[in-house]
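Open the structure in your viewer and keep the selection tool at hand. We will go stop by stop.

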Amino acid sequence: MQVAQRHFTPLPGPLGTEFLSPWHEYEEGVTPEARLVHGVDRLNPALMRLLTGQGWQDVGAHATALDRVQLPRVQVSETLTALYEEVRDAAVERALLSAAF
């Protein structure tokens, strides 16, 4: 919050307030749009681990544990949930993520 204010407040004219308002909306997560953006934001690390081939071995994660963390975050949208499941399944198929413990 303080970082956002430090970055947005010096902007000229009403831009600081204009940019800070959606930031607050995102942080509070009250609107459907904010929850959707937050879900997309949380999907990004899984997508990057898949696309780069890094996988999850460095953190000892498996698909079941990843589901426990990610599904509540992406279930704001059927499309986002389906995309997450596609990423997870592709990672398991490529042996970047173990299926379960």
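Which side-chain oxygen reaches to the backbone nitrogen of Thr79 at the start of helix 5? Select Ser77: a side-chain oxygen of this residue comes within 3.2 Å of that nitrogen. Keep in mind that this is a predicted model.

Now select helix 5, residues 78-93. This helix has 16 residues and spans 22 Å from its first C-alpha to its last, close to the 22 Å expected.

Next, colour the buried residues of helix 5: Leu80, Thr81, Tyr84, Val87, Arg88 and Ala91. Look down the helix axis. The buried residues fall within an arc of 125°, so they line one face of helix 5. They pack against helix 3 and helix 4. Turn to the other side of helix 5, where Glu78, Thr79, Glu86 and Glu93 are exposed.

Stop at Arg88, in helix 5. Is Arg88 buried or exposed? Its relative accessibility is 13%, under the 20% cut-off, so Arg88 counts as buried. Show its side chain together with that of Asp67: a polar contact of 2.9 Å joins the two. Beyond its sequence neighbours within four places, Arg88 also touches Ala63 and Leu97.

Move on to Leu97. Leaving aside neighbours within four places in sequence, its contacts include Trp56, Ala61, Leu66, Ala91 and Val92.

Finally, select Trp56, Tyr84, Ala91 and Leu97 together. These have the most contacts inside the largest nonpolar core, a set of 14 residues. Helix 3, helix 4 and helix 5 each give two or more residues to this core.

Conventions: Residues numbered from 1 in each chain as written. Predicted model: local features only at pLDDT ≥ 70, side-chain atom pairs only at ≥ 80, totals over all residues. Heavy atoms only, no water. Core = buried A, V, L, I, M, F, W, Y, C linked by side-chain atoms within 4.5 Å. Buried < 20%, exposed > 50% of the residue type's maximum accessible area, 1.4 Å probe, protein only. Helix = DSSP H or I, 4+ residues; strand = E, 2+ residues; numbered from the N terminus. Contact = heavy atoms within 4.5 Å. Polar contact = N/O pair within 3.5 Å; in protein donor to acceptor, adjacent residues only side chain to side chain. Expected span 1.5 Å × (residues − 1). Arc of directions from axis to C-beta.
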